[in-house]
Amino acid sequence: MTSDHPDPPGPALPADSAERPSEPAAFCERALLDGLLAASPAGFAYIDTDFRLVRVNPALAGFVGLAVEHMLGRRVAEVVPTLWPRLEPICHAVLAGGHPPASLEIAGRTPAQPGMLRHWLAHVYPVRPDGSAAGTGIGIVALEITAQKHTEAALRASEERLRLAHGRFAAALENSPVVVFAQDRDLRYTWVHNCTLGFRDEQVLGATDAELFEQPADAARLTALKRRVLDTGRPAREEVPILGQGGPHWYDLAVRPQYAAGAVAGLVCAAVNITDRKNAEERARNNELRLRLALDAARLTSFEWDIQRDQVRRFIAPDAPSASPEDAPNPFGAVCQAVHPEDRLRFIAQIHAALTSADGRYENEFRILYPDGGSAWVYERGRVERDAAGRPVRLLGLSQDITERKRSEQALREADRRKDEFLAMLAHELRNPLAPIRNAVEILKRRGELSEVQIGGCHSIIQRQTEHLARLVDDLLDVSRISRGQIELRKGTFTLTDILQRALETSLPLIESRRHELSLHLPEEPLWVEGDLVRLAQVVSNLLNNAAKYTDIGGSIRLGVECADGHALIRVEDNGRGIDPAVLPHLFDLFYQVDRTLDRSEGGLGIGLSLVEKLVGMHGGQVEAHSAGRGRGSEFVVRLPCLRDLLDVGAVARPDPVRKTGERLRILVVDDNFDAADSMALLLLGEGHEVLTAYDGETALDLALNHQPAVVLLDIGLPGMDGYSVARELRRRGAVPATQLVALTGYGQTEDREKSQLAGFDRHLVKPVDFDALQAVLAECSDRPA
């Protein structure tokens with residue numbers, strides 16, 4: 001690099017220098033210096049005392065954006081006018097020797113990049129040749145630091161953003177439940193924010209989970225999760241429970257690896273307390289479980305119809321009716337197809353009514369069809385949800401299987417119908433015997449005009465019809481007692497021949513009156529059974545009476561006994577009207593009758609077969625009915641457990657013979673029914689007894705205390721002072737200790753017998769009392785010591 005200006009003098013040699021370099025050596029030294037300046041990345045300039053550029057290296061020329069030759073000889077203020085205001089005071093001070101060499105940062109714009117603010121670090125120093133005090137010029141060395149300045153600015157901006165972010169993050173952490181902490185590779189806590197679970201910061205820092213948590217399981221769970229992140233370098237997130245005061249505390253824990261020098265150096269973790277959410281989820285699960293149990297118990301099905309998407313979803317409870325798979329969405333049309341055709345239009349109409357109604361209430365009963373052809377009744381109730389515009393968007397509700405309820409309602413209607421028919425039949429059956437009784441009474445009023453045969457005939461009519469009435473009442477009471485489990489069997493050991501013989505004594509008059517042919521088939525060896533002889537005879541008698549009534553006159557009846565599979569079988573067959581197979585399942589229902597004709601020629605209340613089934617069941621047996629159809633006869637089979645061991649005939653329980661009273665007794669008859677009291681008194685007088693009569697409780701009490709009767713036949717349902725009160729009062733006074741109190745009443749239930757016993761009665765007889773049974777009771781009373 002050359003110029004017209006004299007080169008600046010070189011630096012002064014040391015004073016003690018022995019010699020100066022030779023000219024060739026000086027030339028070489030200068031050439032070396034020129035090369036260094038030309039190659040230097042730092043800008044270099046030499047300025048004379050007029051502040052003109054005397055020497056400039058290429059680097060500085062590049063900074064300015066001018067060629068070297070265009071800069072030499074020109075003033076600095078002219079070449080870089082934007083920089084000179086910053087340089088001028090320093091240059092003056094340095095040149096005058098009043099300022100030491102200075103380093104400063106200058107910034108400005110140059111022609112090289114006029115739109116860009118550039119920065120340099122400049123060193124300004126005086127040039128003093130030969131160590132003189134006065135400077136001959138100024139040396140400037142400049143290094144561009146624009147990139148560094150930009151980096152520093154970016155760093156400052158980044159640091160500011162980081163500071164602001166840190167401030168916001170810290171403020172957010174201060175007001176949030178998030179726990180943030182860091183741990184090193186040994187899993188010791190190095191930093192923690194929002195310390196929780198009752199720990200203080202100083203307790204946590206430097207500790208491990210095993211040192212902090214009392215429950216080893218908690219520490220082991222946390223350590224395993226964090227160790228996995230350390231080993232794999234992959235973040236992890238889990239919901240973890242930690243036992244604390246008041247139960248477990250749940251945290252949503254996120255663990256991330258922290259790197260240093262390319263390796264995992266520790267962990268940064270964030271934990272959010274989700275205990276409230278977990279508790280809410282647990283409550284929701286419990287509520288859902290309770291709802292599910294309620295739905296299961298009630299056999300309910302919840303449904304949802306998304307009207308916009310036309311999707312019907314159902315949650316199916318176990319055993320609940322559904323024509324669709326559980327949770328499988330179906331279009332509304334498919335649901336309609338599952339509704340019974342007879343109910344489909346009504347089903348759609350109810351849906352439409354709910355969609356268009358103001359309150360959106362929906363309620364419906366209909367039948368659904370199963371793929372196998374079966375059906376079930378369903379009751380649905382729900383509500384329509386609407387959007388902000390009032391359009392229906394969803395129908396939510398519950399379905400319930402009401403098939404059993406519908407069957408019960410049908411059964412109740414059927415039972416109610418049968419009850420009405422029964423009451424009509426009962427009135428008919430009660431009037432039938434009353435008519436001949438009334439006729440016989442009217443005939444007996446003309447006693448003087450009647451022969452003994454006619455009078456005997458009237459007596460027979462009255463006796464037969466009263467016995468018929470008594471049987472009707474007894475059958476009704478038996479059905480009631482058996483249904484409530486209040487009948488007791490008086491068991492003994494009998495042969496089937498004993499049972500059949502007693503049953504035939506009852507049924508033969510009806511069989512003979514209808515001119516039926518009866519055939520009896522008995523085994524060669526006797527078959528023994530255990531049971532109540534009277535009740536089992538009643539079973540066979542009812543079946544024989546049924547066969548006689550429903551077989552046309554002159555028919556045939558077969559009564560057979562056999563043993564099969566350890567059971568005794570009693571078969572009653574007839575060639576009568578037969579039974580429609582469709583009604584066989586209902587044949588033993590209470591009040592059920594196959595034929596309901598107006599003439600009521602066969603009579604009956606529809607309770608005989610029901611009574612048969614219940615009595616046989618009480619003996620551990622079964623009864624079956626068979627028929628090939630109308631006009632083809634019928635067969636009833638009674639199956640009873642058979643005793644294999646033959647027992648001594650003497651062990652068979654047999655009824656005691658009727659005993660006649662041989663002693664004249666004083667008897668008090670008490671009944672508020674004058675006819676009943678007077679007629680009983682006449683009967684007893686006819687037997688030779690002394691009879692007193694009372695029609696109310698107070699009179700009965702006076703007569704008993706004054707006359708000391710041996711027997712008091714006392715009605716319970718007396719006006720005013722009832723029979724229980726009379727008996728208690730007599731026993732309380734102790735005035736008649738030897739008197740036998742016999743309840744003679746229409747109340748015959750078990751509780752009635754218990755009440756009479758507690759009141760002090762010795763016996764309990766039910767009206768209408770069999771006179772032979774009454775005579776047996778009186779005979780026992782006459783045998784008692786006074």
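Predicted model: local features only at pLDDT ≥ 70, side-chain atom pairs only at ≥ 80, totals over all residues.

Residues are numbered from 1 along each chain as its sequence is written, and side-chain values use heavy atoms, with hydrogens and water left out. Helices (H or I, at least four residues) and strands (E, at least two) are DSSP runs, numbered from the N terminus.

OK, the sheet. What is the strand order here? Reading across, we get E2-E1-E5-E4-E3, an open sheet of 5 strands with antiparallel pairing; two strands pair if DSSP finds at least two bridges between them. At the edges sit E2 (53-56) and E3 (102-108), each pairing on one side only. On average, neighbouring strands in this sheet are turned by 25° against each other, direction ignored. For angles, axes are lines fitted to C-alpha atoms, for helices over the stretch in contact, and the values run from 0 to 180 degrees between N-to-C directions.

E3 pairs with E4 (residues 118-127) over 7 bridges, in the antiparallel sense, and Gly108 has Arg118 in E4 as its bridge partner. Helix H5 (residues 84-96) packs on the sheet and touches E3, E4 and E5 (137-144), contact being heavy atoms within 4.5 Å. The direction of H5 makes about 160° with that of E3.

Now the helices. H9 covers residues 216-232, so to speak a 17-residue helix, and reaches 24 Å from first C-alpha to last, close to the 24 Å expected at 1.5 Å a residue; that expected span is 1.5 Å times one less than the number of residues. Which residues of H9 are buried? They are Asp218, Ala219, Leu222, Leu225, Lys226, Val229 and Leu230, buried meaning under 20% relative accessible area, exposed over 50%, and partly exposed in between (1.4 Å probe, protein chains only). Down the axis of H9, these buried residues fall within an arc of 140°, so they line one face; the arc is that of the directions from the helix axis to the C-beta atoms. Turned away from that buried side are the exposed Pro216 and Asp231. After H9 comes Gly233, with a positive phi near 75°.

Then there's H16, residues 533-549, with 17 residues and a reach of 24 Å. H16 is mostly covered, with 16 of its 17 residues buried.

Last topic: salt bridges, meaning a side-chain nitrogen of Lys or Arg within 4 Å of a carboxyl oxygen of Asp or Glu. The whole structure has 38 of them. Take Glu342 and Arg367, with the closest N and O atoms 2.9 Å apart. Glu342 is in helix H12 (residues 341-356) and Arg367 in strand E13 (residues 361-369), so the pair ties together parts 25 residues apart in sequence. Buried or exposed, which is Glu342? Glu342 is exposed at 62% relative accessible area, whereas Arg367 is buried at 18%.

Next, Glu573 and Arg558 meet at 3.2 Å, N to O. Glu573 lies in E20 (residues 567-574) and Arg558 in E19 (residues 556-564), so parts 15 residues apart are tied together. Both count as partly exposed, Glu573 at 26% and Arg558 at 30%.

One to finish on: Glu239, Arg277, Lys278 and Glu281 are linked in a salt-bridge network.
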